[in-house]
Amino acid sequence: MANDRPRVLSGIQPTSGSFHIGNYLGAVRQWVALQETHDAFYMVVDLHALTLPQDPKELRENTRLAAAQLLAAGLDPEHCTIFVQSHVPEHTQLTWLMECLTGFGEASRMTQFKDKAARQGNEHTSVGLFTYPMLMVSDILIYQADQVPVGEDQRQHIELARNLAERFNGRYGKTFTVPEPYILRETAKIFDLQEPTVKMSKSASSPKGIIDLLDDPKASAKKIKSAVTDTGSEIRFDRENKPGVSNLLTIHATLTDSTIAEVEQKYAGKGYGALKTDLAEIVSEWAAPFRDRTREFLDDPETLDSILAKGAEKARAVATETLTQAYDKVGLLPGKH
């Protein structure tokens, strides 16, 4: 892999079972493209999942399932580094340094923590949820990532990573690359089929509002055909006044590599039913090989585990070098190896 390529780092949580179409179009699709132009590191962030209670058996299964789906989507171990976060213990070792650099007020202002804590209440909010942004910072800085592909909702975490990298570098000397956000293109933002003003999400959406990629095609088709549309019958993109149709147009355009304008033209004078019927078929045709490839990886756990082990080995080679340097800079006494 060429060393002069900019390095990107991103991760996905193993808490949702099947990826939904929002995961794929909003993030994973871009990851696949970026592995051709960047030195790409992608991980299943199982440690982040522990900020909420998890069934151990389910977490293990979902971690494997997430890895299998990333590979099925087109991530190639020959072109990127794919691994499980907990297989690289240097992440949590660097996190302590990041926690000691972060102000309490600074951590308290993280909007995702405030939102989740408000929903759960103090008694059900763990210290891990409070400090997980610092683990996310470590995920990024330990690989000296130049860019981090994220949605707009994660921009604040990238700002924290930039601030802590600059703070560490200013206090101890140049150590960390200051990362830039790589904001994914807006057309890939997918909304709930039933509430098209809300982003499609396992935690916020009802099952009817999500297109799971591992679903039976008939189930997906039924969800698409019962998607909420809008008053009137004109098929045009208007996020404010026609959010339901706009969402369906976005999915159609992105899956068929078309522009919104081209899809609008195709359905000029046609009704919502035609758009929904065609979209159900497009999703079904795209998802079938994805499901088959995912199943192939799950049916061959030795190969899957081998890919993840090799990925962790490549990741640890980079992470160990960064951690050693950071530990030395802050004055920790080196141990014998």
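1. Let's start with leucine 70. Setting aside neighbours within four places in sequence, leucine 70 is in contact (heavy atoms within 4.5 Å) with Ile12, Phe19, Val28, Trp31, Val44, Leu75 and Ile82. Leu70 also belongs to the largest nonpolar core, which has 52 residues; Ile21, Leu70 and Ile251 touch the most other members. Such a core is a set of buried Ala, Val, Leu, Ile, Met, Phe, Trp, Tyr and Cys residues joined through side-chain atoms within 4.5 Å. A second, separate core has 35 residues, including Met43, Ile140, Val150 and Phe168.

2. A word on the model before going on. This is a predicted model, where local features need pLDDT of at least 70 and side-chain atom pairs count only at pLDDT 80 or more, while totals for chains, interfaces and linings use all residues. Residues are numbered from 1 along each chain as its sequence is written, and side-chain values use heavy atoms, leaving out hydrogens and water.

3. Next, have a look at glutamine 35, in the loop between α1 (21–34) and β2 (39–44). Helices (H or I, at least four residues) and strands (E, at least two) are DSSP runs, numbered from the N terminus. With 2% relative accessibility, glutamine 35 counts as buried; buried means under 20% relative accessible area, exposed over 50%, and partly exposed in between (1.4 Å probe, protein chains only). A polar atom of the glutamine 35 side chain lies 2.8 Å from the backbone oxygen of glycine 74. Beyond four places in sequence, glutamine 35 touches several residues, among them Arg5, Tyr42, Asp76 and His79.

4. Helix α7 (residues 127–141) has a kink of about 35°, centred on proline 133. The bend at a residue is the angle between axes fitted to the seven residues ending there and the seven starting there. Of the 15 residues of α7, 13 are buried, so the helix is largely enclosed by the rest of the structure.

5. Helix α9 (residues 217–225) has Ser220, Ala221, Lys223 and Ile224 as its buried residues. Seen down the axis of α9, they fall within an arc of 160° (taken from the directions from the helix axis to the C-beta atoms), so they line one face of the helix. These buried residues pack against α12 (272–298), whereas the face turned away carries the exposed Lys218 and Lys222.

6. Finally, threonine 322 sits in helix α13 (residues 301–330). Threonine 322 is buried, at 4% relative accessible area. Leaving out neighbours within four places in sequence, threonine 322 is in contact with Leu141, Ile142, Gln144 and Phe176.

Definitions and conventions:
A polar contact is a pair of N or O atoms within 3.5 Å; within protein, one must be able to donate a hydrogen and the other to accept it, and residues adjacent in sequence count only if both atoms are side-chain atoms.
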